[in-house]
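Dear colleague,

Please find the structure below, together with its sequence. A summary of the findings follows it.

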Amino acid sequence: MQGFEETLLHSDFSGDPAALDAWFAADFTEVSPGGGVSSREQVMTWLLHKDPLARWQLSDLSAGELAPGLRLVRYHAKQIAPQVSTSKGALHCSFWQFNASLQRWQLRFHQATKII
């Protein structure tokens, strides 16, 4: 599951937005580090327009099965490029669900909590 999170963060989907679309469940939502709720479209827009050189270091990753076809992934992420951030990063929590009709895992929910 770490590979899925890294693919979403580190890939440049600007040349193929349809490829990005397949990563998200139709009813995906996100709770942002600031506490707001972001829609599927808002998160996809951010991913399509982010700096393609941006990189994050993921640590303290854990993943567990909540039910057949449903995984909870937790980790700490800190941006490390294009410049090292002074931020302490954020704690992340994602729910990944297997879509049987598409035969692939999709992100269903994501929350990031900024570390102060």
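What percentage of the 116 residues of the protein count as buried? The share is 31%, where buried means under 20% relative accessible area, exposed means over 50% and partly exposed lies in between, with a 1.4 Å probe and protein chains only.

Please note that this is a predicted model, in which local features need pLDDT of at least 70 and side-chain atom pairs count only at pLDDT 80 or more, while totals for chains, interfaces and linings use all residues. Residues are numbered from 1 along each chain as its sequence is written, and side-chain values use heavy atoms, with hydrogens and water left out.

Overall form

The protein contains 3 helices and 6 strands, these being DSSP runs numbered from the N terminus (helices: H or I, at least four residues; strands: E, at least two). Their order from the N terminus is α-α-β-β-α-β-β-β-β. The radius of gyration, taken over C-alpha atoms, is compared with a globule rule of 2.2 Å times the number of residues to the power 0.38. For 116 residues a compact globule would have a value near 13 Å, and the protein's 14 Å agrees with this. Along the principal axes, the C-alpha atoms fill a box of roughly 40 × 30 × 25 Å.

Contact here means heavy atoms within 4.5 Å. Of the contacts between residues at least 6 apart in sequence, 46% join residues at least 24 apart.

Strand pairing

Two strands are said to pair if DSSP finds at least two bridges between them. Strand β3 (residues 55–67) and strand β4 (residues 70–81) run antiparallel and are joined by 10 bridges. Within this pair, L58 stands opposite A77 of β4. The hairpin of β3 and β4 has 2 residues between the strands, and G69 takes a positive phi near 80° there.

On to the next pairing: β4 is also joined to strand β5 (residues 90–99), by 8 bridges, and these two strands run antiparallel. Here R74 is placed opposite C93 in β5.

Leaving aside residues up to four places away in sequence, S38 touches T29, E30, S32 and V43.
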